[in-house]
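Have a go at each task before you read the solution.

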Amino acid sequence: MSTRLLLVRHGQSEWNASGRWQGLADPPLTELGRAQARAAARAIGGLDAILASDLRRAAETADIISETIGIGPVINDPGWRERDVGEWSGLTREEIHVRYPGFLSDDPQRAIAPVTDHRFLRPPGWEADDAVLTRVLDAVYRAHLIIGDGDGLVVTHGGVIHVIEGHLGEPFVRMANGEARWLDIDGRQLALGERVLLVNDDGTPVTVPTEL
(Lines give C-alpha, C1' and ligand atoms only; values in the text may rest on other atoms or scores of the structure.)
Protein backbone atom coordinates (compact mmCIF):
# COMPACT_ATOMS: atom_id res chain seq x y z
CA MET A 1 0.00 0.00 0.00
CA SER A 2 1.58 3.26 -1.16
CA THR A 3 0.43 6.73 -0.16
CA ARG A 4 1.63 10.15 -1.28
CA LEU A 5 1.10 13.07 1.09
CA LEU A 6 1.48 16.70 0.09
CA LEU A 7 2.48 18.44 3.34
CA VAL A 8 1.50 22.11 3.07
CA ARG A 9 2.42 24.94 5.40
CA HIS A 10 -0.70 26.94 6.30
CA GLY A 11 -1.40 30.43 4.97
CA GLN A 12 -0.09 33.53 6.71
CA SER A 13 -1.46 33.94 10.23
CA GLU A 14 -1.83 37.17 12.18
CA TRP A 15 1.23 36.25 14.25
CA ASN A 16 3.22 35.39 11.12
CA ALA A 17 2.44 38.90 9.92
CA SER A 18 3.60 40.48 13.20
CA GLY A 19 6.69 38.25 13.49
CA ARG A 20 5.57 36.41 16.63
CA TRP A 21 6.51 32.83 17.44
CA GLN A 22 3.36 30.72 17.62
CA GLY A 23 3.93 27.11 18.60
CA LEU A 24 0.64 25.88 20.07
CA ALA A 25 -0.90 29.36 20.20
CA ASP A 26 -3.93 29.68 17.94
CA PRO A 27 -4.07 32.97 16.00
CA PRO A 28 -6.28 33.08 12.88
CA LEU A 29 -5.25 33.64 9.28
CA THR A 30 -4.85 37.11 7.85
CA GLU A 31 -6.78 38.08 4.73
CA LEU A 32 -3.56 37.44 2.80
CA GLY A 33 -3.38 34.00 4.44
CA ARG A 34 -6.88 33.24 3.18
CA ALA A 35 -5.88 34.42 -0.31
CA GLN A 36 -2.81 32.16 -0.14
CA ALA A 37 -5.07 29.21 0.76
CA ARG A 38 -7.29 29.93 -2.25
CA ALA A 39 -4.24 30.24 -4.49
CA ALA A 40 -2.86 26.96 -3.16
CA ALA A 41 -6.18 25.26 -3.88
CA ARG A 42 -6.02 26.38 -7.51
CA ALA A 43 -2.56 24.80 -7.85
CA ILE A 44 -3.53 21.43 -6.36
CA GLY A 45 -4.54 18.53 -8.58
CA GLY A 46 -6.64 15.49 -7.81
CA LEU A 47 -6.64 14.22 -4.22
CA ASP A 48 -8.30 11.48 -2.24
CA ALA A 49 -8.44 13.16 1.18
CA ILE A 50 -7.56 16.34 3.07
CA LEU A 51 -6.15 16.24 6.61
CA ALA A 52 -5.01 19.07 8.85
CA SER A 53 -3.65 20.14 12.19
CA ASP A 54 -6.49 21.23 14.45
CA LEU A 55 -4.85 24.60 15.14
CA ARG A 56 -6.96 27.34 13.57
CA ARG A 57 -4.43 28.63 11.05
CA ALA A 58 -4.01 25.15 9.53
CA ALA A 59 -7.63 24.05 9.89
CA GLU A 60 -8.91 27.22 8.21
CA THR A 61 -6.41 26.85 5.36
CA ALA A 62 -7.58 23.26 4.88
CA ASP A 63 -11.25 24.27 4.97
CA ILE A 64 -10.68 26.89 2.26
CA ILE A 65 -8.88 24.36 0.08
CA SER A 66 -11.59 21.77 0.71
CA GLU A 67 -14.37 24.17 -0.25
CA THR A 68 -12.49 25.37 -3.34
CA ILE A 69 -11.69 21.96 -4.81
CA GLY A 70 -14.74 20.10 -3.53
CA ILE A 71 -13.00 17.39 -1.48
CA GLY A 72 -13.92 16.80 2.12
CA PRO A 73 -14.71 16.76 4.91
CA VAL A 74 -11.34 17.76 6.33
CA ILE A 75 -9.96 15.26 8.86
CA ASN A 76 -8.40 17.20 11.75
CA ASP A 77 -5.63 15.42 13.67
CA PRO A 78 -3.80 17.07 16.61
CA GLY A 79 -0.73 15.00 15.76
CA TRP A 80 -0.03 17.53 12.98
CA ARG A 81 0.16 20.49 15.41
CA GLU A 82 3.16 22.80 15.44
CA ARG A 83 6.00 22.26 17.90
CA ASP A 84 5.37 23.68 21.37
CA VAL A 85 7.82 26.59 21.66
CA GLY A 86 7.27 27.06 25.38
CA GLU A 87 7.97 30.52 26.75
CA TRP A 88 8.81 31.89 23.31
CA SER A 89 5.18 31.73 22.24
CA GLY A 90 3.96 35.24 21.44
CA LEU A 91 7.46 36.77 21.34
CA THR A 92 9.20 38.40 18.39
CA ARG A 93 12.81 37.60 17.57
CA GLU A 94 13.83 40.97 19.03
CA GLU A 95 12.05 40.17 22.30
CA ILE A 96 13.75 36.78 22.42
CA HIS A 97 17.13 38.48 21.93
CA VAL A 98 16.42 40.63 25.00
CA ARG A 99 15.01 37.90 27.27
CA TYR A 100 17.21 35.03 26.03
CA PRO A 101 20.44 36.64 24.80
CA GLY A 102 22.49 34.49 22.48
CA PHE A 103 19.85 31.81 21.96
CA LEU A 104 18.99 32.60 18.33
CA SER A 105 21.54 32.47 15.51
CA ASP A 106 20.91 36.07 14.39
CA ASP A 107 21.39 37.56 17.88
CA PRO A 108 24.48 39.83 18.04
CA GLN A 109 24.99 38.58 21.62
CA ARG A 110 25.48 35.04 20.39
CA ALA A 111 29.19 35.57 19.74
CA ILE A 112 29.81 36.44 23.40
CA ALA A 113 27.22 34.25 25.16
CA PRO A 114 28.98 32.04 27.75
CA VAL A 115 28.06 28.68 26.18
CA THR A 116 29.96 26.29 23.94
CA ASP A 117 27.11 24.85 21.86
CA HIS A 118 24.25 27.15 20.88
CA ARG A 119 22.24 24.47 19.06
CA PHE A 120 20.63 23.30 22.29
CA LEU A 121 19.65 26.69 23.72
CA ARG A 122 15.89 26.56 24.06
CA PRO A 123 13.38 27.97 26.58
CA PRO A 124 11.41 26.10 29.22
CA GLY A 125 8.55 24.15 27.68
CA TRP A 126 10.27 23.69 24.30
CA GLU A 127 9.16 20.45 22.64
CA ALA A 128 12.25 18.43 21.74
CA ASP A 129 12.87 17.15 18.21
CA ASP A 130 12.44 13.50 19.18
CA ALA A 131 9.06 14.19 20.83
CA VAL A 132 7.84 16.14 17.79
CA LEU A 133 9.07 13.42 15.45
CA THR A 134 7.37 10.63 17.42
CA ARG A 135 3.92 12.23 17.35
CA VAL A 136 4.26 13.42 13.74
CA LEU A 137 5.31 9.99 12.49
CA ASP A 138 2.28 8.56 14.28
CA ALA A 139 0.15 11.08 12.36
CA VAL A 140 1.88 10.12 9.10
CA TYR A 141 1.05 6.46 9.56
CA ARG A 142 -2.54 7.28 10.57
CA ALA A 143 -2.89 9.24 7.31
CA HIS A 144 -1.40 6.27 5.43
CA LEU A 145 -4.08 3.98 6.87
CA ILE A 146 -6.88 6.46 6.10
CA ILE A 147 -5.84 7.12 2.49
CA GLY A 148 -4.39 3.77 1.48
CA ASP A 149 -3.24 3.71 -2.14
CA GLY A 150 -3.74 7.32 -3.13
CA ASP A 151 -2.78 10.96 -2.68
CA GLY A 152 -3.63 13.10 0.32
CA LEU A 153 -3.15 16.70 1.35
CA VAL A 154 -2.06 17.57 4.90
CA VAL A 155 -2.17 21.20 6.01
CA THR A 156 0.32 21.52 8.84
CA HIS A 157 3.11 23.78 10.08
CA GLY A 158 6.64 24.75 9.10
CA GLY A 159 8.24 23.23 12.18
CA VAL A 160 6.52 19.90 11.55
CA ILE A 161 7.67 19.71 7.94
CA HIS A 162 11.22 20.70 8.93
CA VAL A 163 11.35 17.87 11.48
CA ILE A 164 10.28 15.32 8.86
CA GLU A 165 12.79 16.71 6.36
CA GLY A 166 15.60 16.58 8.93
CA HIS A 167 14.68 13.01 9.89
CA LEU A 168 15.04 12.03 6.24
CA GLY A 169 18.37 13.79 5.74
CA GLU A 170 17.28 17.07 4.15
CA PRO A 171 19.06 20.26 5.28
CA PHE A 172 17.06 23.09 6.84
CA VAL A 173 15.66 25.61 4.36
CA ARG A 174 12.95 28.06 5.43
CA MET A 175 9.49 27.38 4.06
CA ALA A 176 6.97 29.90 2.76
CA ASN A 177 3.33 29.99 3.72
CA GLY A 178 1.63 27.80 1.11
CA GLU A 179 4.82 25.92 0.27
CA ALA A 180 4.64 22.14 0.35
CA ARG A 181 6.72 18.98 0.43
CA TRP A 182 5.74 15.62 -1.07
CA LEU A 183 6.18 12.61 1.21
CA ASP A 184 5.92 9.03 -0.09
CA ILE A 185 4.87 6.26 2.32
CA ASP A 186 5.23 2.60 1.44
CA GLY A 187 4.42 0.50 4.47
CA ARG A 188 6.77 1.90 7.13
CA GLN A 189 9.21 3.33 4.58
CA LEU A 190 9.28 7.08 4.02
CA ALA A 191 10.87 9.05 1.17
CA LEU A 192 10.87 12.77 0.44
CA GLY A 193 9.65 14.10 -2.87
CA GLU A 194 10.09 17.61 -4.21
CA ARG A 195 9.17 20.90 -2.59
CA VAL A 196 6.56 22.95 -4.45
CA LEU A 197 5.41 26.54 -3.96
CA LEU A 198 1.67 26.64 -4.47
CA VAL A 199 0.80 30.31 -4.06
CA ASN A 200 2.64 32.43 -6.61
CA ASP A 201 1.40 31.42 -10.07
CA ASP A 202 -1.39 34.03 -10.00
CA GLY A 203 0.61 36.79 -8.33
CA THR A 204 -0.53 36.10 -4.75
CA PRO A 205 2.21 37.53 -2.47
CA VAL A 206 4.62 34.99 -0.99
CA THR A 207 5.53 35.29 2.71
CA VAL A 208 8.33 33.42 4.49
CA PRO A 209 8.01 33.56 8.30
CA THR A 210 11.22 33.54 10.34
CA GLU A 211 9.61 32.06 13.46
CA LEU A 212 7.60 28.95 14.36
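**Exercise 1.** How many residues does helix α2 have, and how far does α2 reach from its first C-alpha to its last?

Before we start: this is a predicted model, where local features need pLDDT of at least 70, side-chain atom pairs count only at pLDDT 80 or more, and totals for chains, interfaces and linings use all residues. Residues are numbered from 1 along each chain as its sequence is written, and side-chain values use heavy atoms, with hydrogens and water left out.

*Step 1.* Find α2 at residues 31-43, which makes 13 residues. Helices (H or I, at least four residues) and strands (E, at least two) are DSSP runs, numbered from the N terminus.

*Step 2.* The reach is 19 Å, close to the 18 Å expected at 1.5 Å a residue; the expected span is 1.5 Å times one less than the number of residues.

**Exercise 2.** Work out which strands β2 joins.

*Step 1.* Strands pair if DSSP finds at least two bridges between them. β2 (residues 49-52) has 4 bridges to β4 (residues 150-156), and these two run parallel. Here I50 stands opposite L153.

*Step 2.* Another 2 bridges join β2 to β3 (residues 75-76), also parallel, and A52 stands opposite N76.

*Step 3.* Check the side chains: A49 and L51 point one way, I50 and A52 the other, and all are buried.

**Exercise 3.** Why is the pair of W21 and W88 edge-to-face?

*Step 1.* Rings of Phe, Tyr and Trp (its six-membered ring) pair if their centres lie within 6.5 Å; planes under 30 degrees apart count as stacked, over 60 as edge-to-face and the rest as tilted. That rule gives 6 aromatic pairs.

*Step 2.* The W21 and W88 centres are 5.1 Å apart and their planes are at 80 degrees, so the pair is edge-to-face. The two residues are 67 residues apart in the chain.

*Step 3.* Follow W88 onward: W88 and Y100 are also edge-to-face, at 5.9 Å and 70 degrees.

Key
Buried < 20%, exposed > 50% of the residue type's maximum accessible area, 1.4 Å probe, protein only.
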